[in-house]
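Subject: Structure for your files

Hello,

Here is the structure I said I would pass on. My notes on it follow below.

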Amino acid sequence: MKKHLMMLAAILSFCGTIVLTSCNNEENSKESQELRSMIQNTHWKMTEIFTEPDRYSNEKEWISASNSSHLMIYDLSFDDKGTYTSNDMHYSAVVGRNSVKHSGEYHVVGSKIYMRVLKSSFDAYGNYNLNIRYINNDVMEAELNWIPNYTYYDDGNGNYQQETELDKDNMEYLIRLKRFYI
């Protein structure tokens, strides 16, 4: 019996090593490295969103980001140390429309950028990911998925408080961003 348990432990250990190596290889893949090098030390602003143009229409189309009542990204920046900052407006069924500045970590895996909110100026919280459909030096088209969760928010005194879940609805958008230079 002890022999069988030792063999099972060895097999599980081997399988775990393969899975961890596979994940690490994806983050270090050529595709991940190329995308990471394209976004490092850049700033982006949302220019268009694929949505219904008004409340009377059920047909989605590309509209100017300035006409969006659900999402606007004024500045999304990525540094070369794996952190990002974002200044945006989003609509939540719980709190309505709010403007938020948040920051956190980002990781590039294949054609996805995963962003984890660590600090927020309001009750925006959770994790974001951008599934890149197209990118060049000046334009990015991506599916944005916001996964509410929790994060820390600035209480106005420089202290960060943990925020719990308020809104459990994932939000998905198809957006276009333009790179801008500072």
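The largest cavity in this predicted model has a volume of about 110 Å³. A cavity here is a set of points on a 1 Å grid over the protein atoms alone, where a 1.4 Å probe fits but cannot get out. Grid points are joined across faces, edges and corners, and the volume is the space filled by probe spheres set on those points. The structure holds 2 cavities of 30 Å³ or more.

Some ground rules first. The model is predicted, so local features need pLDDT of at least 70 and side-chain atom pairs count only at pLDDT 80 or more, while totals for chains, interfaces and linings use all residues. Residues are numbered from 1 along each chain as its sequence is written, and side-chain values use heavy atoms, with hydrogens and water left out.

Back to the largest cavity. Its lining is made up of 13 residues, and L71, I73, D88, Y128 and L144 are the ones nearest the centre; a lining residue has an atom within 4 Å of a point. Two or more lining residues come from each of β3 (71-78), β4 (83-92) and β8. The largest share, 4 residues, belongs to β4. Sorted by class, the lining has 9 nonpolar, 3 polar and 1 charged residues. In that sorting Ala, Val, Leu, Ile, Met, Phe, Trp, Tyr, Cys and Pro are nonpolar, Asp, Glu, Lys and Arg are charged, and the others, Gly among them, are polar.

Next, the strands. Helices (H or I, at least four residues) and strands (E, at least two) are DSSP runs numbered from the N terminus, and two strands pair if DSSP finds at least two bridges between them.

- β6 (residues 112-120) pairs with β7 in the antiparallel sense over 5 bridges, and I113 stands opposite L130 in β7.
- β7 (residues 127-135) and β8 (residues 139-147) run antiparallel and are joined by 8 bridges. A hairpin of 3 residues connects β7 to β8. Across this pairing, I132 has A142 as its bridge partner, and Y134 stands opposite E141.
- β8 is also joined to β11 (residues 171-180) by 8 bridges, again antiparallel. Here N145 stands opposite E172.

On aromatic side chains, the count comes to 3 pairs. Rings of Phe, Tyr and Trp (its six-membered ring) pair if their centres lie within 6.5 Å; planes under 30 degrees apart count as stacked, over 60 as edge-to-face and the rest as tilted. Y128 and W146 form a stacked pair, 6.0 Å centre to centre with 20° between the planes. The two are 18 residues apart, Y128 in β7 and W146 in β8.

A separate ring contact: R176 lies over the face of W62, 3.6 Å from the ring centre. The rule asks for NZ of Lys or CZ of Arg within 6 Å of the ring centre and within 35 degrees of the ring normal.

Lastly, N41 is in the loop between α2 (30-39) and β1 (42-51). Its phi is near 60°, a positive value in a residue other than glycine.

Regards

Technical notes:
1 Å grid on protein atoms, 1.4 Å probe; cavity = no way out; pocket = protein on both sides within 12 Å on 5 of 7 lines; lining within 4 Å.
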